[in-house]
Structure formats: C-alpha cells, structure tokens
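The sequence and the structure are shown first, and the description follows.

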Amino acid sequence: MPNARVLRDIKARNVVKANEVLRRAYLYVARNETLSPQVRHQAQLQLNTFGKYTRPTTVKNRCSESGRGRGIISEFALCRYQFRLKALKLELPGVHKASW
C-alpha cells in the first residue's frame, strides 16, 4: 500500500494534468503585453482562483515504493535504495549488477 506522500503526489499529478491547458491559456493571456490591461488583469484573477494542486511546481518525483523524495531514478520511479534492492532480486528487466 502506498504511503500518504505518494498518494498526495498522484493526486497533484492528476489535477495538474486536468487543468494544464486552461491554466496555460490564462498564463499566456496574462503575460501578453499586446493585450489591454483589463483583459490581462481578468486573466490574472482567473489564475488566482485555481487551487494549490493545479500548479506544476507542486508535483515532486517520489519513489513509488517508499515515498522518498530524494535520490530518484526517474526511469523506474524508484529511489536509489529501492532500485538497488529490486535490481539484486532481478525484479527489474535488463538491469544487473556491473562487474569488470
């Protein structure tokens, strides 16, 4: 069972993905200096109404096994320790311990 951090990250990823197009449209209008200030201000007000988890910066790479937020190997979504354990148990296809 995933821990609370992983569930929070999954929720944040889903909400960011659902609101990405609308959020980018408002951001484009708010930053476009050729438009009138009133239109840009309204777009900025709409951006302010979005929730906390709609911002892409709230998404953090986390280990899918332990929930750790540091030392993540992104191809496998595992922290380095979990990656090592799974690689030694041969649970990751194409990954084996190097020796030379």
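Is Glu65 buried, partly exposed or exposed? Glu65 is partly exposed, as its relative accessible area is 44%. This value, like the others in this report, is computed from a predicted model.

**Salt bridges**

Side chains of opposite charge can pair when their charged atoms come close. The structure contains 4 salt bridges. One of them joins Glu65 to Lys86, with 3.8 Å between the closest N and O atoms. This pair connects distant parts of the chain, 21 residues apart: Lys86 belongs to helix 3 (residues 80–88), whereas Glu65 lies in the loop between helix 2 (37–49) and strand 1 (72–73). Through salt bridges with shared partners, Glu65, Lys86 and Glu91 form one network.

| Salt bridge | N to O distance |
|---|---|
| Asp9 and Arg13 | 3.0 Å |
| Glu20 and Arg24 | 3.4 Å |
| Lys86 and Glu65 | 3.8 Å |

Asp9 is buried, with a relative accessible area of 10%, whereas Arg13 is partly exposed at 36%. In the other pair, Glu20 is partly exposed, with a relative accessible area of 36%, and Arg24 is exposed at 58%.

**A positive surface patch**

Arg5, Arg8, Lys11, Lys52 and Arg55 form a positive surface patch. Among them, Arg5 is located in helix 1, which spans residues 4–31. The relative accessible area of Arg5 is 43%, so this residue counts as partly exposed.

**Cysteines**

A disulfide is a covalent bond between the sulfur atoms of two cysteines. How many disulfides does the count give? The count is 0 disulfides. For Cys63, the closest cysteine sulfur is that of Cys79, and the distance of 3.8 Å is too far for a bond, because the two sulfur atoms of a disulfide must be within 2.5 Å. Cys79 is accordingly in no disulfide. Both residues are shielded from the surface by the accessibility criterion: Cys63 is buried, with a relative accessible area of 0%, and Cys79 is buried at 2%.

How values were computed: Residues are numbered from 1 along each chain as its sequence is written. This is a predicted model: local features need pLDDT of at least 70, side-chain atom pairs count only at pLDDT 80 or more; totals for chains, interfaces and linings use all residues. Side-chain values use heavy atoms; hydrogens and water are left out. Patches are made of residues with over 30% relative accessible area and no salt bridge: like charges are joined within 9 Å, nonpolar side chains (Val, Leu, Ile, Met, Phe, Trp, Tyr) within 5 Å. Accessible areas come from the Shrake-Rupley method with a 1.4 Å probe; for residues, only the protein chains shown count as cover. A salt bridge is a side-chain nitrogen of Lys or Arg within 4 Å of a carboxyl oxygen of Asp or Glu. Lys and Arg count as positive and Asp and Glu as negative; His and the chain ends are not counted. The place of a charge is taken as NZ of Lys, CZ of Arg, CG of Asp or CD of Glu. Helices (H or I, at least four residues) and strands (E, at least two) are DSSP runs, numbered from the N terminus. Buried means under 20% relative accessible area, exposed over 50%, partly exposed in between (1.4 Å probe, protein chains only).
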